[in-house]
Amino acid sequence: MISVDEDSPRAPSRPIAVDESGFYHDERRANAAFRWLRREAPCWWHEPRGFWIVSRRDDVQSMSKNPDLWSSANAVAMPRKGEPTIAEAQQAPSIIMMDPPDHNRHRSLVSRAFTPRRVSEMEARMRELAAESIEGTPTDEPVDFVESIALPLPMRVIAEMLGVPDRDLEDFRRWSDVVVVQGGADADRDAGLDAISEVFGYFAQMLGERRRSPGDDLVTALLQAEIDGRRLDDGEILIFCMTLLVAGNETTRTLVAQGTRMLLEHPDQLALVRSGAVALPDAIEELLRLSTPIRYFFRRARREIEVHGRTIRSGDPVMMLYAAANRDETVWGDDADDLDVSRPVEPHVSLGFGQHFCLGASLARLEARILFEELLARRSRWERAGEPELVDSSFVNGIHHMPVILSA
Ligand code: HEM
């Protein structure tokens with residue numbers, strides 16, 4: 001199906017279907033393909049969909065910090081032949097799809113809300129929410145870890161930051177789940193467009209309310225924000241709200257769910273975390289690296305660029321395959337595919353790098369730390385109680401459901 005470089009000594013015999021969820025769900029096959037890409041074809045043309053794949057950690061970092069060469073404009077999601085991506089179908093660009101100088105101006109409007117200091121001010125509230133979901137989950141019987149533990153905290157935190165009341169959380173969750181997978185090419189596009197228009201309708205109404213009576217939330221802050229003396233228009237604010245809703249929800253849920261899944265599959269690693277032999281923040285970096293909640297983002301070449309002997313033409317889409325870059329043996333050694341919470345922390349690319357480095361990085365790390373701390377303190381035994389049901393998407397590494405038994 002895919003024409004690999006015929007002259008390569010170890011071309012994989014099976015297609016490298018980075019656009020299909022099944023490819024990633026077969027972990028051994030995916031890891032073997034990633035290894036081949038990194039070693040033999042670090043800049044590889046994916047013929048069926050017409051884009052390049054870059055798979056080494058250093059190359060992903062270098063692209064991410066060079067927006068002058070690699071544009072994010074209309075470029076972060078997987079290209080679909082003959083039709084605009086869902087992102088391109090939106091009326092105003094999200095910051096994730098902007099290049100400097102616009103990007104810096106827009107990002108600075110919300111970045112203050114996400115600094116490590118501002119985020120740490122929310123710690124007490126986060127602990128309360130984490131404790132609530134853990135204590136509300138039955139013990140000594142199978143429960144769905146995703147629904148009960150991994151999902152509520154990130155969703156409620158971003159909802160509270162945006163000023164979304166509890167009664168709307170179910171809608172909030174549904175929209176986020178449908179929209180986030182649109183970064184791949186295998187998502188239900190009509191459902192994505194419907195969800196986007198519902199999100200816009202919801203926040204448009206909220207904008208009207210906040211204009212009449214301002215609150216202490218991000219929506220009010222965006223209404224009052226100015227760029228070079230100009231207020232944001234409604235379209236720009238709505239896109240901001242949607243970006244935060246989508247980016248801050250499913251991703252952290254995946255880190256906690258996939259992280260727990262890996263620890264359950266490796267009891268020796270869980271024991272290291274539980275005993276305190278490994279600092280939890282370091283263990284979380286290892287879980288972030290190997291779970292890679294978002295498997296890739298794209299860029300477009302701004303001019304002709306030579307990469308590892310291949311000529312990328314101006315305008316060509318390039319996939320930064322985080323899932324492969326995070327297993328780079330030249331950075332993490334020959335056992336890079338294995339979970340080792342005690343390995344020295346090296347910068348991974350799960351949260352991106354450079355110009356668009358994840359705005360919610362401090363928030364996500366703190367949420368994960370609090371959830372794991374509270375779980376370790378409140379539940380002495382965690383066991384698997386069945387196979388996890390994985391999200392059907394090439395773009396996100398999510399888990400729908402994961403049966404576990406927790407004991408007090
Ligand atoms: C484990 C959880 C998370 C992961 C794996 C993750 C991953 C990423 C990645 C890879 C990027 C880089 C995009 C690029 O280079 O094109 C990014 C950007 C971004 N993330 Fe996160 N994210 C997480 C949590 C969050 C949270 C909690 C929020 C906010 C509430 C958030 C908000 C954003 C925003 C707004 C951007 C765009 C930044 C920009 O364009 O300057 N993320 N994220």
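Keep in mind that the structure is a predicted model.

- Cys358 counts as partly exposed, because its relative accessibility is 28%.

**Cysteines and disulfides**
- A disulfide is a covalent bond between the sulfur atoms of two cysteines.
- The count of disulfides here is zero.
- Take Cys241: the closest cysteine sulfur, in Cys358, is 17 Å from its own sulfur, so the two are too far apart for a bond.
- Cys241 counts as buried, because its relative accessibility is 0%.

**The nonpolar core**
- In soluble globular proteins, nonpolar side chains tend to be buried together.
- The largest nonpolar core has 134 residues, and those with the most contacts inside it are Leu162, Phe172, Phe203 and Leu321.
- Leaving aside residues up to four places away in sequence, Phe203 touches Leu162, Val164, Phe172, Val219, Leu238, Cys241 and Leu245.

**Helix H16**
- Helix H16 (residues 280–291) has twelve residues, which at 1.5 Å a residue should span 16 Å; its end C-alpha atoms are 16 Å apart, so the two values agree.
- Ten of the twelve residues of H16 are buried, including Leu280, Glu285 and Arg289.
- Helix H14 (250–265), helix H15 (267–275), H18 and H19 are among the elements covering the buried residues of H16.
- After H16 comes Thr292, with a positive phi near 35°.

Methods. Residues are numbered from 1 along each chain as its sequence is written. This is a predicted model: local features need pLDDT of at least 70, side-chain atom pairs count only at pLDDT 80 or more; totals for chains, interfaces and linings use all residues. Side-chain values use heavy atoms; hydrogens and water are left out. A nonpolar core is a set of buried Ala, Val, Leu, Ile, Met, Phe, Trp, Tyr and Cys residues joined through side-chain atoms within 4.5 Å. Buried means under 20% relative accessible area, exposed over 50%, partly exposed in between (1.4 Å probe, protein chains only). Contact means heavy atoms within 4.5 Å. A disulfide is a pair of cysteine sulfur atoms within 2.5 Å. Helices (H or I, at least four residues) and strands (E, at least two) are DSSP runs, numbered from the N terminus. The expected span of a helix is 1.5 Å times one less than its number of residues.
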